[in-house]
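Dear colleague,

Please read them alongside the coordinates.

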Amino acid sequence: MDLTLSERHRALQAALREFIARYGHLSPPVGGGGGRKRPDRKVLDWQALLIEHGFAARAVPRQYGGYGAEPDVLDAAIITEEFNKAGLSLGIQGQGIRMLVPTLLEVGTEEQRRRWIGPTIRGEVIWAQGYSEPEAGSDLASLRTHARVEDGHFVINGQKIWTSSAHFADMIFLLCRTEPDRPKHLGISYLLVPMTAPGIEVRPLPTMTGHATFNEVFFTEVRVPVDQIVLGRGEGWKVANVTLKHERMLLGDSAKLVHRLHRLRSLLAETVVEGEPLLQKPVWRDRLMRLQGEVLAAKYHQMRLLSEAAQGQAQGQAQGRDSGLGLLVVKYYGSTLAWRLAALAVDALGDAGLPYEPHDEVAEDDAATAWYADWMYDLGLIIGGGSSNIQKNIIAERGLGMPREPKINGSA
Amino acid sequence: MHFGLSEEQRLFGDALRGFLAARVTMEARRAAAESSSLAGFWNGLTELGLPGLLVPEEHGGAGLGLLDAALAAEALGEAAAPTPFLGSAVLAPLALCLLGDPAQQEAHLPAIAAGRVRVAVGLGALTGTTGTCTLRREGERISGSITGLIEPACATHWLLALREGGFALVAADAPEVRIRPRRSLDRLRPLADLDLAGAPAEWLTAGDARRVLDAGRVMLAAETLGAARSMLDQAVAYAGQRRQFGRTIASFQGVKHACADMAAWLEPCRAFLWYAAQAQDAPDPEARMLACQVKAHLDEVGREVARHATEVHGGMGFTELLGLPFWFKRIAANRQLLGGPERCREEAAEAQGLIA
């Protein structure tokens with residue numbers, strides 16, 4: 001164990017602190033759950049400032065509009081930690097930036113990279129992700145939205161669901177079946193489709209948070225040129241897995257948990273009931289301390305995984321030598337814990353926390369509404385991106401080597 | 001930055017695991033549970049250098065740190081090993097290093113490193129014990145009673161904490177002492193009650209006794225982690241063999257999810273333990289908070305794992321046929337030793353200045 005940072009990483013930390021002191025007041029607000037609307041001027045300006053200083057799109061090459069630094073997991077962790085500590089926005093976190101950009105960098109054509117990466121990282125082009133369908137959730141590869149080829153175009157028909165941001169997105173990256181005669185994983189293609197194409201209909205799907213963040217998207221004879229495909233026909237599942245690999249390398253976000261624990265501690269210290277702050281009542285203090293133990297485990301676990309990933313990166317591997325099981329538990333552990341932290345907050349707010357008045361702007365939400373929005377949105381995060389039940393299958397099968405459920409006759 | 005174990009630490013862990021796998025067989029555990037005789041086993045650990053792990057090199061030890069000791073404790077927990085490691089190899093040398101004077105260190109540390117001195121510990125004065133602790137200093141002598149002395153079997157000395165601060169080191173063969181051995185829930189870690197009537201003692205008073213308690217809590221957390229990881233491994237292995245309804249029970253989602261939950265609770269504990277152990281050696285303002293929290297957290301995780309791993313074994317887990325209760329009871333007893341989770345969390349809050 002040697003926890004000292006290198007000269008270069010200390011310099012990055014110093015640069016971050018200077019940046020935060022100088023520009024921190026320009027940050028848009030954070031928290032309150034979910035991207036609710038198109039980035040406004042303030043968000044776009046902040047994003048441009050972050051890219052200019054190398055705190056967003058850091059490892060995206062310069063020719064595509066990024067900062068052009070060598071990829072380094074510790075850099076990313078240090079940036080995240082400093083911004084979280086200061087309570088500042090890390091910039092636009094949409095699915096275009098988190099998922100599509102790294103995917104194009106790995107498997108996109110030169111033309112696709114030049115066309116899409118720059119506008120995406122600047123927040124000018126907003127992407128939705130077209131994966132889940134009403135009948136294809138956890139079993140994603142059984143998706144039924146399909147496309148046939150006709151005069152140099154894919155012609156798409158079908159339906160997607162749980163599509164965040166579709167109501168203001170410019171583009172959607174879409175998994176659909178183009179090779180109906182091939183086995184289910186090998187019949188899927190990954191298409192890039194403008195949301196303005198004729199035949200696309202977006203219907204908002206109200207969620208429990210009361211914010212319009214989810215949609216259903218219907219495709220009726222939607223046409224896109226055949227070159228709007230990433231890799232080849234039938235290779236969409238492979239592309240989707242490239243994307244997932246990048247998502248897994250994000251390692252969860254223990255900084256979010258640490259930051260939330262601090263907010264929770266302040267809430268308990270400031271909430272006075274019958275003349276005494278909740279923090280001074282042993283029942284409440286014990287609940288906070290118990291959660292702190294779980295957050296500490298998440299925090300040091302992430303440091304371990306980061307360190308292993310950094311060593312793996314130095315040796316040209318995608319992940320650390322010993323990280324297998326450690327990586328697999330991150331999403332399940334972190335999302336459940338985030339929800340439980342918010343759950344203590346809503347308990348502390350008590351009956352006075354019940355007025356729930358969400359706004360389209362996160363900054364306009366009062367504290368109680370923001371905690372409740374977090375609490376409900378985090379339940380969505382427990383379900384989305386591979387629900388907890390699916391995560392537990394993955395942990396058991398890939399992490400512990402337990403056998404898969406036997407296939408039922410007739411299912412692929 | 002390197003957050004993780006060094007190559008030496010891995011090799012040391014492997015060597016210790018190899019020794020324990022060969023020596024701590026189920027027969028050995030059963031024999032130790034009946035007889036409380038550890039002598040042969042302890043000689044083997046002495047050859048591996050375990051008693052001298054924390055003893056400075058100038059006194060014949062290896063001069064290693066609490067992280068190394070925690071890795072040893074984890075391996076011992078994994079093996080559900082009967083051993084006086086906690087008192088003899090960790091708390092006694094640490095108390096001498098932190099609170100003893102040079103003459104006391106010279107007198108005892110080499111004998112500890114050589115495995116000749118074995119020390120049982122009674123820290124009830126510091127831990128909020130639910131038992132008795134009426135120890136008091138009378139000049140150079142000590143009187144009073146204490147229950148729940150840890151690892152008394154084949155101890156040559158007792159290390160006893162006093163409410164007014166510091167430790168008394170008492171020779172176990174002093175005539176002014178009456179000892180009553182108690183069989184414990186964890187048969188592999190027996191206890192004893194002690195009455196002292198003006199027994200001669202050496203006094204270790206030159207430092208903060210709470211740091212010794214902190215280290216003890218980290219060791220118990222490490223042991224519980226090792227024991228719980230072993231229980232999960234045993235549950236996964238058993239589920240892979242046991243067949244019902246024409247398939248292994250490991251292929252049932254109900255069983256898989258129970259095992260996945262255990263893995264998700266346990267895996268993050270490893271790095272937490274490493275960090276908390278390392279912090280005890282450094283002048284780290286969070287060291288006490290971390291020691292309390294890592295103990296409390298592993299007490300909770302351990303209890304859940306012990307229960308669910310037993311459940312996966314079905315009726316076999318409830319019987320002693322497979323020996324699973326040795327691990328279950330080690331985890332259950334560790335939870336109560338040196339302060340349970342509620343006590344530890346309250347001390348963690350205090351250490352952070354959260355209590356007005």
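In this predicted model, the side chains of Arg340(A) and Glu294(A) come together in a salt bridge, with 2.6 Å from N to O, where a salt bridge is a side-chain nitrogen of Lys or Arg within 4 Å of a carboxyl oxygen of Asp or Glu. The pair links distant parts of the chain, since Arg340(A) belongs to helix 10 of chain A and Glu294(A) to helix 8 (residues 282-314) of chain A, 46 residues apart; helices (H or I, at least four residues) and strands (E, at least two) are DSSP runs, numbered from the N terminus. Arg340(A) is partly exposed, with a relative accessible area of 31%, whereas Glu294(A) is buried at 12%; here buried means under 20% relative accessible area, exposed over 50%, and partly exposed in between (1.4 Å probe, protein chains only).

As to conventions, residues are numbered from 1 along each chain as its sequence is written, and chains are lettered from A and ligands numbered from 1 in the order in which they are written. Because the model is predicted, local features need pLDDT of at least 70 and side-chain atom pairs count only at pLDDT 80 or more, while totals for chains, interfaces and linings use all residues, and side-chain values use heavy atoms, with hydrogens and water left out.

Other salt bridges

Over all chains, a search of the whole structure finds 61 salt bridges. One of them joins Glu110(A) and Arg113(A) at 3.9 Å, N to O, and these two residues, three apart in helix 5 (residues 110-121) of chain A, are separated by about one helical turn. Glu110(A) is partly exposed at 37% relative accessibility, while Arg113(A) is buried at 17%. In chain B, Glu347(B) forms a salt bridge with Arg343(B), the closest N and O atoms being 2.8 Å apart; the two are four residues apart in helix 13 of chain B, and therefore separated by about one helical turn. Of this pair, Glu347(B) is buried, with 6% relative accessibility, and Arg343(B) is partly exposed, with 36%. A network of salt bridges also links Asp286(A), Arg290(A), Glu300(B), Arg335(B), Glu342(B) and Arg345(B).

The interface of chain B and chain A

The contact (heavy atoms within 4.5 Å) takes 47 residues from chain B and 44 residues from chain A. Between them the chains bury about 4,300 Å², 61% of it on carbon and sulfur atoms, buried area being the accessible area (1.4 Å probe) that two parts lose on being put together, summed over both. Met1(B), Phe3(B) and Leu354(B) supply 18% of the area that chain B buries against chain A, more than any other three residues. Met1(B) itself is found in the segment before helix 1 of chain B and is partly exposed, with a relative accessible area of 31%; among the residues that Met1(B) touches are Asp2(A), Leu3(A), Met303(A) and Ser307(A).

Helix 12 of chain A

In helix 12 (residues 388-399) of chain A, the buried residues include Gln391(A), Lys392(A), Ile394(A) and Ile395(A). What covers the buried residues of this helix includes helix 9 (324-328), helix 10 (330-349) and helix 11 (367-383) of chain A, together with helix 9 of chain B. Helix 12 of chain A is followed by Gly401(A), whose phi is positive, near 70°.

Leu231(A) has a phi near 55°, a positive value in a residue other than glycine, and lies in the loop between strand 8 (229-230) and helix 6 (236-249) of chain A. Phe245(B) likewise has a positive phi, near 55°, and sits in the loop between strand 9 (243-244) and strand 10 of chain B. Leu231(A) is partly exposed, at 31%, and Phe245(B) counts as exposed, at 76% relative accessibility.

Note on methods. Lists of a residue's contacts leave out its neighbours within four places in sequence.
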